[in-house]
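Okay, thanks for coming, everyone. Let me put the structure up and then walk you through what the numbers say.

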Amino acid sequence: MRDETELRVCVLGLGYIGLPTAAVIARTGAMVLGVDVSAQVVETVNSGRVHIEEVDLDGLVSGVVARGNLVAATQVAPADVFVIAVPTPFDANHAPDVGYVLKAATAIATVLKAGDTVILESTSPVGTTEQVRDFLAQLRPDLKLPGAGGHDVAIAYCPERVLPGRILVELIDNDRVIGGITPRCARKALHFYRRFVRGACVTTTARAAEMTKLTENAFRDVNIAFANEMSRVADTLGVDVWEVIRLANRHPRVNILQPGPGVGGHCIAVDPWFLVHGDPANTPLIRTARLVNDAKSDHVVERAAALIAAVPGPVACLGLAFKANIDDFRESPALKVAAALAHRFGARVRVVEPYAATLPPAFDGSGATLTDLDTAIEECAAMIVLVDHDLFRSVPLDERAGKHVYDTRGIWPDQPRIPATAEPLRLAS
């Protein structure tokens with residue numbers, strides 16, 4: 001592999017993971033080509049700007065672009081290391097779709113040469129890295145690929161483990177699991193990640209690394225499902241779920257997570273289905289957790305609709321993102337809930353989302369409008385909290401006095417509760 005300052009890296013996919021990854025690699029002095037199918041994204045990056053919201057990313061991208069270490073394009077070019085960071089969605093039957101990964105592999109095959117390294121970072125079903133190897137072997141029979149007669153090209157899998165809002169920090173500090181088609185492939189990928197990762201880099205097989213990523217997110221999903229199920233039980237029994245969880249967590253061996261309006265994002269809401277699809281007979285718990293978390297959004301829609309129907313005038317839905325303080329709406333339960341309410345109650349619904357300039361297409365034809373928080377506080381008698389943005393947390397009790405509140409995130413624990421026989425001002429999630 002070339003010296004660090006001469007290393008050429010091609011990152012395919014400039015989304016929420018690909019762009020920060022490309023920028024972090026470019027900061028080491030490597031020459032990085034970021035490839036994306038969107039000409040608008042390419043133009044934005046080449047101008048030193050960013051198209052996503054992430055702490056400190058704008059400054060980093062501006063710097064590495066100005067120094068010439070990061071360039072964006074719509075086509076791949078020869079490189080020493082290729083990093084695939086494209087989406088891996090699922091279809092209507094929850095079957096994983098690795099089509100974008102294989103398209104990326106097709107593009108790489110046109111410029112691949114002996115000595116190169118190909119690393120898949122996209123969250124993928126177990127066996128996808130081997131599928132990429134087999135695909136490249138078909139497209140480039142002139143190269144001897146690992147596990148199929150040679151090591152002209154190293155192929156490995158290394159999933160990201162980052163939290164939106166902390167991506168630049170966690171890309172460097174978090175441990176990485178690096179799975180190679182062969183141990184030799186894993187070692188070569190390890191050498192690459194050691195250029196910018198301070199956390200531990202642990203090598204294993206590609207299949208083990210793929211399953212590790214899916215297991216991490218399925219574990220989180222199951223635990224969130226328990227919290228969401230308890231919140232529905234609390235609703236039925238007339239108990240404050242936030243108080244119950246707070247008290248239960250005083251037990252030295254209990255750590256219940258916080259409930260919400262569902263589970264969103266491209267990881268926790270998606271990845272467990274890859275395990276279910278891979279072995280449906282042995283994943284009843286993981287499947288049930290997914291169904292529980294998806295059903296929670298429907299439950300929130302009905303609870304919120306009941307509140308809106310009982311209160312005259314405009315109502316505010318606070319938040320659309322899948323988690324706090326980011327502009328990522330992928331698989332967002334908040335967006336699902338707010339859009340459903342907008343189509344049911346039309347112009348009465350005012351949406352507050354500080355990370356959106358316009359309402360997403362899911363609201364088209366609903367009559368709902370995007371507004372700011374101050375206006376919503378002044379004009380709306382009811383407030384439905386769907387995302388725990390810091391901006392929403394900052395609203396003091398006196399500005400919420402007398403308002404009907406459905407707090408699905410538990411950000412306003414001081415909101416007065418009145419007897420269950422009367423109309424509630426605050427509903428448990």
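Let's begin in a loop: glutamate 331 sits between strand 9 (315-318) and helix 12 (333-345). Helices here are DSSP runs of H or I with at least four residues, strands are runs of E with at least two, and both are numbered from the N terminus. At 45% relative accessibility, glutamate 331 counts as partly exposed; buried means under 20% relative accessible area, exposed over 50%, and partly exposed in between, using a 1.4 Å probe and protein chains only.

Quick housekeeping before I go on. This is a predicted model, where local features need pLDDT of at least 70 and side-chain atom pairs count only at pLDDT 80 or more, while totals for chains, interfaces and linings use all residues. Residues are numbered from 1 along each chain as its sequence is written, and side-chain values use heavy atoms, with hydrogens and water left out.

Back to phi. Aspartate 56 is another non-glycine with a positive value, about 70 degrees. You'll find aspartate 56 in the loop between helix 2 (39-46) and helix 3 (57-66), and with a relative accessible area of 57%, aspartate 56 is exposed.

Now the overall picture. The protein has 15 helices and 14 strands. Is the radius of gyration what you'd get for a compact globule, or what? For 429 residues, a compact globule would come out near 22 Å, and the protein has 24 Å, which agrees. That radius is taken over C-alpha atoms, and the globule rule is 2.2 Å times the number of residues to the power 0.38. Along the principal axes, the C-alpha trace spans about 75 × 50 × 40 Å. Buried residues make up 53% of the 429.

On to contacts, meaning heavy atoms within 4.5 Å. If you take contacts between residues at least 6 apart in sequence, 69% of them join residues at least 24 apart.

Threonine 123 gives us a local view of that. It's in the loop between strand 5 (117-120) and helix 5 (128-139), and with a relative accessible area of 6% threonine 123 is buried. Which residues does threonine 123 touch, leaving aside neighbours within four places in sequence? Those are Thr88, Tyr157, Glu160, Lys213, Leu214, Asp271 and Phe274. Glycine 313, on the other hand, is 190 residues from threonine 123 in sequence and 44 Å away in space, C-alpha to C-alpha.

Over in helix 8 (residues 206-237) there's methionine 230, which is partly exposed at 31% relative accessibility. Methionine 230 and valine 301 are 71 residues apart in sequence and 17 Å apart in space, again C-alpha to C-alpha.

Last up, the cysteines. How many disulfides does the structure hold? Zero, where a disulfide is a pair of cysteine sulfur atoms within 2.5 Å. For cysteine 185, the nearest cysteine sulfur belongs to cysteine 158, and that's 14 Å away. Cysteine 185 is buried, at 1% relative accessible area.
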